[in-house]
Amino acid sequence: MKYLIYFIIIAAFIDTFSQLPIMSPFAKTFDSSPAFVGLIVGMYSFSNMIGNILAGYWIDKNGAKKVLVSGLSLTGTILVLYAFAETPLHLITVRFFHGLFGGFLVPAAFTVIADRGKSDKQGKKMAVSGAAVGCSAIIGPAFGAVVASNYSINWVFLIIAATMISSAVLAFVFLPSGNLKKVKEESSHSEKMLSLLNNPMLAASYLGAFSLMFAQGALAYLLPLQVEALQFDSMYSGILLSTFGITAILIFLLPINKIFDTFKHHNSMLSGMLIIGIALILLSSAYSLAFMFLCMVLYGTGFALLFPSINALIASHTTEKTRGKAFGLFYAFFSLGVVAGSTVLGLMGVTFNIGFLIAAALLLLTVCGMFIYFKKQSSQILESQE
């Protein structure tokens with residue numbers, strides 16, 4: 001059962017990552033203006049945030065399985081429609097609904113994993129899930145580029161559509177429905193989504209997710225510029241990004257992943273953010289390929305500490321009646337961070353040096369604020385016990 005869920009996570013993220021090398025050229029075939037291309041690329045993340053939030057409500061009301069199956073089926077159907085888009089309006093509409101329905105998948109899948117996991121093993125489970133995401137980050141762009149160059153862009157959409165619809169059938173047949181009766185009975189008494197932010201641990205995980213993906217958006221935007229500015233072959237942009245992904249996957253899957261349940265989740269989260277911040281500072285002053293690769297290994301180490309920890313925080317500090325909304329809001333912050341990272345730095349027009357330092361400053365300031373807060377909370381608990 002768990003392998004089916006990991007397969008669905010890989011399929012969902014390959015859908016996202018395979019778009020990276022093909023969506024801009026595809027949009028240019030409809031309208032060559034940079035504004036239109038930017039709108040098409042950003043539309044997915046915008047509607048994905050809406051889908052994440054809606055999915056959160058529906059998961060807690062109807063159960064994660066139903067939302068997951070619906071999301072897979074609808075996303076697969078929408079992907080087919082890319083092949084029939086003929087005007088810019090058609091493409092914008094398809095793109096909006098692709099992001100919307102795609103937003104159902106990840107919160108539902110991670111809710112299923114959290115519901116099936118033991119409370120003291122959530123960190124390790126989320127680490128393995130992170131490895132699935134990492135595999136998608138490596139496979140997705142290559143898959144999209146190879147299929148589009150050898151066949152056509154439409155075949156990328158059609159193959160992923162077939163995968164999604166097949167996954168929907170498998171999920172419908174093999175995934176247990178869970179304690180849906182209990183969910184339905186308690187859903188009317190569920191907390192409103194925004195009230196989840198009053199939980200300090202959940203708020204910390206959301207802030208961690210935004211900071212992580214802001215850095216990720218900055219990295220995706222600035223690293224190719226850095227490679228170009230240093231006059232290295234453009235292929236090294238992809239290789240460097242793969243390096244951080246491979247590093248994270250190794251940490252996720254090797255026996256070292258036991259650390260995610262050995263240490264407190266918020267401590268490993270802060271450690272991951274600190275390491276990523278240091279990696280970005282070092283990257284801002286990197287002028288050799290060897291040093292850049294070292295920075296990406298460091299970045300991947302931080303990512304590996306951070307991603308499972310923020311997911312495990314949500315799983316550990318929610319109940320069955322609030323977990324769907326919690327994961328929905330969490331992945332909305334993920335999408336927002338990606339958009340903000342690339343968009344803000346792009347509008348500022350900064351060099352890669354300054355851009356990496358800005359992203360690092362955001363992470364390190366967040367770490368300092370969280371550290372002070374957690375330290376204060378620990379002191380208050382010790383005083384109350386005395």
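1. Lining residues have an atom within 4 Å of a point. Of the 16 residues lining the second largest pocket, those closest to its centre are His266, Asn267, Phe374, Lys375 and Ser378. Helix 10 (200-229), helix 13 (265-284) and helix 16 (352-385) are the elements that give two or more residues to this lining, and helix 16 has the largest share, with 8 residues.

2. A word on the model itself. It is a predicted model, in which local features need pLDDT of at least 70, side-chain atom pairs count only at pLDDT 80 or more, and totals for chains, interfaces and linings use all residues. Residues are numbered from 1 along each chain as its sequence is written, and side-chain values use heavy atoms, with hydrogens and water left out.

3. What is the lining of the second largest pocket made of, in nonpolar, polar and charged residues? It divides into 9 nonpolar, 5 polar and 2 charged residues. Here Ala, Val, Leu, Ile, Met, Phe, Trp, Tyr, Cys and Pro count as nonpolar, Asp, Glu, Lys and Arg as charged, and the others, Gly among them, as polar.

4. Now the overall picture. The protein comes to 16 helices and 0 strands; both are DSSP runs numbered from the N terminus (helices: H or I, at least four residues; strands: E, at least two). Of its 386 residues, 50% count as buried. Buried means under 20% relative accessible area, exposed over 50%, and partly exposed in between, with a 1.4 Å probe and protein chains only.

5. Because 20 of its 28 residues are buried, helix 14 is largely enclosed by the rest of the structure.

6. Helix 8 (residues 153-174) holds Phe172 and also Ser167. Is each buried or exposed? Phe172 is exposed, at 56% relative accessible area, whereas Ser167 is buried, at 0%. Leaving aside neighbours within four places in sequence, Phe172 is in contact (heavy atoms within 4.5 Å) with Lys65 and Val69. The C-alpha atoms of Phe172 and Lys65 are separated by 7.5 Å, though the two residues are 107 residues apart along the chain. With neighbours set aside in that way, Ser167 is in contact with Phe7, Ile8, Ala11 and Leu72. Among these, Ile8 and Ala11 are buried residues of helix 1.

7. Back in helix 16 sits Thr366, which is buried at 10% relative accessible area. Not counting residues up to four places away in sequence, Thr366 touches Leu207, Ser211 and Met273.

8. Finally, the cysteines. Cys295 is buried at 1%, while Cys135 is partly exposed at 27%. With a disulfide taken as a pair of cysteine sulfur atoms within 2.5 Å, the count comes to 0 disulfides.

How values were computed. On a 1 Å grid over the protein atoms alone, a cavity is a set of points where a 1.4 Å probe fits but cannot get out, and a pocket is an open set with protein on both sides within 12 Å along at least five of seven lines; lining residues have an atom within 4 Å of a point.
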